[in-house]
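Me: I am new to this structure. Please show it to me, then let me ask about it.

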Amino acid sequence: MNKLQVVVQEQQQALQSTGDFLALTRANEWSLAGRFSFQVQHQASNSQTNVTVLDTGLITFEPVELQTSNKDIVLSSAVHGNETAPIEICAELIKKLILGELACTERVLFIIGNPASINISERFIEENMNRLFSGGHSADQGQGAGLINKERHRALLLENTVRDFFEQGQSLLSGTERERCHYDLHTAIRASKNDKFAVYPFRHGKAWKKSQLQFMYACGVSTILLSHSPTTTFSYFSSNEFNADAFTVELGKVMPFGENDMTKFEQVKETLTRLISGQDLLLKDYDENDFSIYEIYQTINRQGENFALNFSDNVENFTDFPKGTVLAVDDGNEIKTDKDGEAIIFPNANVAIGQRALLTVIPTSIE
Ligand SMILES: O=C(O)CCC(=O)N[C@@H](CCC(=O)O)C(=O)O
Ligand SMILES: [Zn+2]
């Protein structure tokens, strides 16, 4: 064996004995010495799962009895490295799968998006990765064209990994109807009046799926933002290019590792566990009264050097303002609400010029 093969073998042994994929990922910020595979046996049912570590932060679980599966599931976390709760949730699911404590009956790809930014507890290193999908990695976004930094390379790798995963699912089991989903898990910078919420990416006129909202509800997410335009987010990429049921899911406010109240995530952990292991999802019948549904009304991109929000840092997401309120001033131009009840989401004055500094939303319905 050469040195690289020895490293790969040691990494595999450590992973199989600890199940700690997050540690392996954090120790290898941008790549691994090589990919590797092994099988695990579920302790209770003896069912077998093929595990493949594709690269750093990228791992698939596929039941050996593939014909029993009909879903290709992508669960991503750490597209923003300081959003720790989703990382902890996914790391725990991965550990249980590797140690044979959780049965895997569907194909699952876990993505830990930006390991280097986890290690410095920052949203990103050089560039916000959730603005780099659907080709954003190769576009001139005011910061120079082409693949100019590691996050752009990583976004391209994530795109290719998701594409391969979905396409392999289709070719492995051709003739069967497979469901594709991608839940991109985040936490928000600010506190929110509605603690958990999800962005439903633009569907180009296709119906919003009540069954997916029921799934969100089972995860403890009952506030949904409907997007009406293409974006360069990860969830829009999977929705648009692979017809996956995809969401950006915001699971509360961003916290450092160790400071998340994990009791707040019981519903999402339980529902994802059921999804992966083919158990009944225990979905409640759809009732519009269970949800707060909003549509994205204004997308405010920063245009100039001097951009300032006109409200304080502790104003929560979903705070609404009367018509005509100045929300921000961008190089002297006032940006105002256009309707009574327009509420703010994701305000962030510290974004690169050209990028989204704020969304506004208004209540709507999917009926
Ligand atoms: O709280 C914030 O300002 C940002 C939280 C976050 O990362 N949100 C995502 C939403 C993506 C989407 O619109 O689907 C992001 O800004 O990338
Ligand atoms: Zn995020």
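**A helix and its core**

Reply: This is a predicted model. Start with helix α3, residues 84-98. Its 15 residues reach 21 Å from first C-alpha to last, close to the 21 Å expected at 1.5 Å a residue.

Me: Is α3 largely enclosed by the rest of the structure or largely open, and why?

Reply: Count the buried residues. Among them are Thr 84, Ile 87, Leu 93 and Ile 98. In total, 11 of the 15 residues of α3 are buried, so the helix is largely enclosed.

Me: Which residue takes a positive phi just after α3?

Reply: Look just past the end of the helix. A phi of about 75 degrees is found there, at Gly 100.

Me: How many residues does α3 give to the largest nonpolar core?

Reply: That core has 89 residues. Cys 90 and Ile 94 are among those with the most contacts inside it. The helix α3 gives the most to this core: nine residues.

Me: From which domains does this core draw at least three residues each?

Reply: One runs over 3-289, the other over 302-363. The core draws at least three residues from each of domain 1 and domain 2.

Me: Leaving aside neighbours within four places in sequence, which residues are in contact with Phe 110?

Reply: Phe 110 is also among the core residues with the most contacts. Two of its partners, Cys 90 and Ile 94, are buried residues of α3.

Me: What percentage of residues 290-363 is strand?

Reply: An unreviewed UniProt entry annotates this span as "AstE/AspA barrel-sandwich hybrid". Its end C-alpha atoms lie 14 Å apart.

Conventions:
Residues are numbered from 1 along each chain as its sequence is written. Chains are lettered from A and ligands numbered from 1 in the order in which they are written. This is a predicted model: local features need pLDDT of at least 70, side-chain atom pairs count only at pLDDT 80 or more; totals for chains, interfaces and linings use all residues. UniProt positions are given in the numbering used here, feature names are shortened, and annotations may be inferred rather than shown by experiment. Helices (H or I, at least four residues) and strands (E, at least two) are DSSP runs, numbered from the N terminus. The expected span of a helix is 1.5 Å times one less than its number of residues. A residue is buried if 20 or more other C-beta atoms lie within 10 Å of its own, exposed if 12 or fewer, and partly exposed in between; C-beta atoms are placed from the backbone. A nonpolar core is a set of buried Ala, Val, Leu, Ile, Met, Phe, Trp, Tyr and Cys residues joined through C-beta atoms within 7 Å. Domain bounds come from an automatic or database domain assignment. Two residues are in contact if their C-beta atoms, placed from the backbone, lie within 7 Å.
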